[in-house]
Amino acid sequence: MELDTEIMRIVSEFAQEITDDIEQELTEIGNEAVQELEQTSPRDTGDYASKWQSKIIREYGAVKVVVSNKKYQLTHLLENGTTNADGTQRTQPQEHIGPAN
């Protein structure tokens, strides 16, 4: 029984080390994406460009990085364009999220 317990402990420690390394890499990748998005985001007042953030999410045994904008309502409209308020014209898409992927 002691051998089983020791093997499980070693495997668990190894898995945690790997997860920590992956989380560190994902944090760096997320920070790089945020910096790129801050540089390439459309600027009117600059408020949208400064609202990018990244966070690490652990769920269902997986670790992932999510990059989002606190002004999330604008991301789709700016990236893809939209119809103007009067419905007669479309705004030009300003692709800035796609290249950061």
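Predicted model: local features only at pLDDT ≥ 70, side-chain atom pairs only at ≥ 80, totals over all residues.
Local features need pLDDT of at least 70, side-chain atom pairs count only at pLDDT 80 or more, and totals for chains, interfaces and linings use all residues. Residues are numbered from 1 along each chain as its sequence is written, and side-chain values use heavy atoms, with hydrogens and water left out.

**Figure 1. The protein chain has two helices and two strands.** Helices (H or I, at least four residues) and strands (E, at least two) are DSSP runs, numbered from the N terminus. Along the sequence, their pattern is α-β-β-α. The C-alpha trace spans about 75 × 25 × 20 Å along its principal axes. The radius of gyration is 21 Å, while a compact globule of 101 residues would have one near 13 Å. This radius is taken over C-alpha atoms, and the globule rule is 2.2 Å times the number of residues to the power 0.38. Of the 101 residues, 18% are buried. Buried means under 20% relative accessible area, exposed over 50%, and partly exposed in between (1.4 Å probe, protein chains only).

**Figure 2. Ser-41 sits in a loop between helix H1 and strand E1.** Helix H1 covers 2-40, and strand E1 covers 52-59. Ser-41 counts as buried because its relative accessibility is 5%. Its side chain makes a polar contact with the side chain of Trp-52, at 2.8 Å. A polar contact is a pair of N or O atoms within 3.5 Å; within protein, one must be able to donate a hydrogen and the other to accept it, and residues adjacent in sequence count only if both atoms are side-chain atoms. Leaving aside neighbours within four places in sequence, Ser-41 is in contact (heavy atoms within 4.5 Å) with Tyr-48, Ala-49, Trp-52 and His-96.

**Figure 3. Asp-21 belongs to helix H1.** Is Asp-21 buried or exposed? Asp-21 counts as exposed, because its relative accessibility is 52%. Ile-57 is 36 residues away from Asp-21 in sequence. In space, the two are 14 Å apart, C-alpha to C-alpha.

**Figure 4. Leu-3, Ile-7 and Val-11 form a nonpolar surface patch.** Together they have about 290 Å² of accessible area. Such areas come from the Shrake-Rupley method with a 1.4 Å probe; for residues, only the protein chains shown count as cover. Patches are made of residues with over 30% relative accessible area and no salt bridge; like charges are joined within 9 Å, nonpolar side chains (Val, Leu, Ile, Met, Phe, Trp, Tyr) within 5 Å. A salt bridge is a side-chain nitrogen of Lys or Arg within 4 Å of a carboxyl oxygen of Asp or Glu. Leu-3 lies in helix H1. Leu-3 is exposed, with a relative accessible area of 61%.
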